[in-house]
Amino acid sequence: MRVLILGGTTEANQLVALLANDPRFDAVLSYAGRTERPTPPPIPWRVGGFGGVDGLTKYLRDQNIARVVDATHPFAAQMSAHAIAACAIASVPLLALERLPWPRMAGDRWIEVDDFVAAAEALGASPRRVFLGIGRMQLAPFASHPQHFYLVRLVDPPRAPLPLPGAELIVARGPFDLAGDRVLLVNHRIDIVVARDAGGDGAFAKIEAARELGLPVVMVRRPLIPARDKVETVGEVLRWLGHDELPAERGV
Ligand code: NAP
C-alpha cells in the first residue's frame with residue numbers, strides 16, 4: 001500500500017519506524033523543511049511544500065498514493081487543510097494523527113489566547129522577563145512589545161537575525177526535561193512563559209517547570225482545522241491501515 005505520511009512530529013517518526021520493514025507498505029514521509037537537520041527516516045522521504053492543494057492533489061495522483069496520514073504538528077493548520085482538500089479531490093482516504101492538548105492541572109496559571117498577537121499583548125505594559133518556547137516562525141508579534149526581556153529557545157540557529165533585538169537565544173533540540181527547564185527559568189529570572197498548546201511530551205517540561213515555580217503561562221490555543229477523521233495514537237493509525245500486528249505488543 002502506497003502511504004503518504006505528512007510528518008514533522010515524534011508520532012510521525014514512530015509510525016514510520018513501525019512501517020519501515022513491513023513489505024505490505026510502501027510509505028513515503030514528507031517534511032516541510034522547517035528544521036535544518038531532520039532525522040533521516042528509515043523509509044523514502046521528501047522535503048518541502050507540494051505547491052498548495054493543486055500540487056498535493058497532483059502528487060497523490062502521480063505517486064498512486066492509496067492513503068494519507070496527516071501526522072503534522074497541531075499548529076501546521078494550512079498543511080492539514082490542504083490535505084483535507086486534496087484527499088477529497090483525489091478520493092484518497094485521509095486520517096489525522098493528532099496528539100491530545102496538554103491537560104490543565106491544579107497549580108497551572110494559564111492565560112489562554114487564540115493567537116500569537118494576543119499572546120504578545122497578554123504580557124502587559126510593564127517589563128517582564130519572558131521565555132518564548134514557540135518556534136522561530138511566531139516571534140514577530142513580540143517585536144511590538146520591546147519593553148520585555150525575551151529568552152528564545154529554537155531548534156536550529158536562525159539564518160537571519162531574530163526580530164527581537166536584545167533577545168537571548170538558546171539553540172537546543174528537545175525532548176526537554178523538568179529539571180533542566182526549571183534551572184533555565186530560574187537562572188534567567190523568567191517571570192512568564194509563552195507556549196503553544198502543542199501537546200506531547202517533548203516540550204511539556206517548561207509547562208511543568210512553570211507550574212512548580214508558580215509562573216504564569218500564556219498558552220496559545222490550537223488553530224482550527226476543518227473536520228476530518230482523526231485519532232490520537234500510532235496504534236489507531238496502524239489499525240486504520242490494516243496493520244494486523246497488535247500495537248500493544250510494539251509499545252504504541
Ligand atoms: P503550515 O502553515 O501548515 O504549512 C505551510 C506550508 O508548508 C504548507 O502549505 C505546505 O506547503 C508546507 N508544509 C507544511 N508541512 C508540510 C509537510 N509535512 N510536507 C510538505 N510540505 C509541508 O505549517 P508550517 O508553516 O510548517 O508551520 C506552522 C506552525 O507549525 C509553525 O508554528 C511551526 O513552528 C509549527 N511546526 C511545524 C512543523 C512541520 O513539520 N511543518 C513541525 C513543528 C512545528 P505547500 O502548500 O506548498 O504544500
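Where is the place of serine 91? In this predicted model, serine 91 sits in the loop between α3 and β5. Its phi is near 55°, a positive value in a residue other than glycine. Most residues other than glycine have a negative phi, so that angle is worth a second look. Serine 91 also counts as exposed, because its relative accessibility is 64% and the cut-off for exposed is over 50%.

Asparagine 64 belongs to the loop between α2 (52-62) and β4, and with 60% relative accessibility it counts as exposed. Another backbone feature turns up at glycine 174 and proline 175, which are joined by a cis peptide bond with omega at about 5°. Proline 175 lies in the loop between β9 and α5 (178-187).

Now for the whole chain. The protein chain holds seven helices and 12 strands, and its C-alpha trace spans about 55 × 40 × 30 Å along the principal axes. Its radius of gyration is 19 Å, which agrees with the value near 18 Å that a compact globule of 252 residues would have. Of those 252 residues, 46% are buried. Among contacts with a separation of 6 or more, 66% come from residues 24 or more positions apart. The accessible surface amounts to about 12300 Å², and carbon and sulfur atoms account for 54% of that area.

The chain splits into domain 1 (2-100 + 224-250) and domain 2 (109-220). Nine residues from domain 1 and 14 residues from domain 2 take part in the contact. Taken over C-alpha atoms, the centres of domain 1 and domain 2 are 29 Å apart.

Four bridges join β7 (residues 129-133) to β8, and the two run parallel; here valine 130 has tyrosine 150 as its bridge partner. Four bridges also join β8 to β9 (residues 168-171), again in parallel, with leucine 151 opposite glutamate 168 in β9.

How many of the residues of β8 are buried? Six of its six residues are, so the strand is mostly covered, given that buried means under 20% relative accessible area. In a regular strand the side chains alternate between the two faces of the sheet. In β8, Phe149, Leu151 and Arg153 point one way, while Tyr150, Val152 and Leu154 point the other way, and all are buried.

Methods. Residues numbered from 1 in each chain as written. Predicted model: local features only at pLDDT ≥ 70, side-chain atom pairs only at ≥ 80, totals over all residues. Heavy atoms only, no water. Buried < 20%, exposed > 50% of the residue type's maximum accessible area, 1.4 Å probe, protein only. Pairing = 2+ DSSP bridges. Rg over C-alpha atoms; globule rule 2.2 N^0.38 Å. Contact = heavy atoms within 4.5 Å. Areas by Shrake-Rupley, 256 points an atom, 1.4 Å probe, with all protein chains shown as cover. Domains from an automatic or database assignment.
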